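Open the model in your viewer and keep the sequence panel beside it. The stops below are given in the order in which to select them.

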Amino acid sequence: MEIVNAHVHMIELENMARKLGDLSLPAGISVLRNLEATLPMLLPQTLLAQMDEAGISKSILYAVEAPIVYASNEYVHALCCKFPDRLIGFASVNPKDRNAPAVLESAVRDLDMKGLKLHPPLQDFFPDDHAVFGVYEKAAELNIPVVFHVGTTPFGSLCRLSQASPLLIDEVAVCFPQLRIMLTHLGTLWHNEAFMVVEKNPNVFIDTAAYVPEIKQILTPDIITRIGADKIIFGTDYPMPYADRLHRMKDFVDCIGDLGLPEDVLQGIFHKNIERLLYGDASSARSITAREMLEKACQFVGTAALAS
Ligand SMILES: [Zn+2]
């Protein structure tokens, strides 16, 4: 079965050091715990070897415009050019920057980026703040999806959880019904709130990049049916370790494969739903007017009256 990993990072270490400047990293933040073992995973050949081991044909590589975990649009573009059959790039912009819509447009037109990744807590903004809505408008105009980090982070005091609530994305989904949106990490411990936003809004998807033991507990057949099997997208957050285990894409593929899901649901999660996120789906865009609904209801009442 074809498998696409919709959530992958490669960090641009050299430029990140420059971006960090004098920012001091608080002791004990969990992202540094497995740093030495994780660093070799930032080599493209390790990424491709992990994809091969897991049977993953393509990965979506995220740029991140934040001092920590920095990867520029140009860096992601260069990697995608090197491995065009294996990597798809998503851009990142600083949504508080006045030029953000223009930067996004040029990343899509000139660097062939297929989506936008935003990390509200690392980029220090509230996703429901109308001051950043210009970026969503531009994404909708360019017909590209927007991915939001939601839920907890391993960045300790460098981030505020108040900016990572999945419920903040409801405002974006309501204001931009044509914009395709993906939440991440099954909501990372905020999963009920994340599922609420996915269930409520036809334009919101969610990726599976949670801790492997969590996926088994959270992604039950009932919850999949409830929020929509066509809304769940396979992703792993490579190369992030989970708990104290080093990242291995195959663990995630095996975990999802062992959930006992029907073949068509697995195909959706592993590759079909990401196509809908990337390119949209005309059939799901069809809406019903209040008049059509009322006419249907009147027809039913008339038929029911005749039958009684
Ligand atoms: Zn991530």
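**Before selecting**

This is a predicted model, in which local features need pLDDT of at least 70 and side-chain atom pairs count only at pLDDT 80 or more, while totals for chains, interfaces and linings use all residues. Residues are numbered from 1 along each chain as its sequence is written. Helices (H or I, at least four residues) and strands (E, at least two) are DSSP runs, numbered from the N terminus.

**Stop 1**

Select β1 (4–9), β3 (87–90) and β2, residues 58–62. They form an open sheet in the order β1-β2-β3, with parallel pairing; two strands pair if DSSP finds at least two bridges between them. β1 and β3 are the edge strands, each pairing on one side only. From one strand to the next the twist averages 30°. β1 and β2 run parallel and are joined by four bridges.

**Stop 2: helix α4**

Select residues 73–82, which are helix α4. Which of its residues are buried? They are N73, V76, H77 and C80. A residue is buried if 20 or more other C-beta atoms lie within 10 Å of its own, exposed if 12 or fewer, and partly exposed in between, with C-beta atoms placed from the backbone.

**Stop 3: helices α5 and α7**

Select α5 (residues 100–111) together with α7 (residues 133–142). Two packed helices are described by the angle between their axes and the distance between the axes. Here the axes come within 8 Å and cross at roughly 25°. The axes are lines fitted to C-alpha atoms, for helices over the stretch in contact, and angles run from 0 to 180 degrees between N-to-C directions. α5 and α7 are therefore roughly parallel to each other, a term for angles under 35 degrees. To find where they meet, show A100, P101, L104, E105 and V108 in α5 against G134, V135, K138, A139 and L142 in α7. Contact between two residues means that their C-beta atoms, placed from the backbone, lie within 7 Å.

**Stop 4: the sheet of five strands**

This open sheet has the order β4-β5-β6-β7-β8, with parallel pairing. β4 (116–118) and β8 (232–233) stand at the edges with a single partner strand each, so one side of each is left without a neighbour in the sheet. Three bridges join β5, residues 146–148, to β6. One to display is V146, which has I181 in β6 as its bridge partner.

**Stop 5: helix α9**

Select residues 191–200 and colour H191, A194, F195, V197 and V198, the buried residues of α9. They cover an arc of only 160° around the axis, which puts them on the same side of α9. The face turned away from that side carries the exposed residues N192 and K200. Around the buried residues, show α8 (168–175), β6 (181–183), β7 (204–207), α10 (212–218) and α11 (221–227), against which they pack.

**Stop 6: M41**

Finish in the loop between α2 (35–38) and α3 (44–54), where M41 is found. Is M41 buried or exposed? M41 is buried, with 21 other C-beta atoms within 10 Å. Leaving aside its neighbours within four places in sequence, M41 is in contact with T46, P239 and H247. M41 and L246 are 205 residues apart in sequence but 9.7 Å apart in space, C-alpha to C-alpha.

Definitions and conventions: The arc is that of the directions from the helix axis to the C-beta atoms. Angles under 35 degrees count as roughly parallel, over 145 as roughly antiparallel, 65 to 115 as roughly perpendicular and the rest as oblique.
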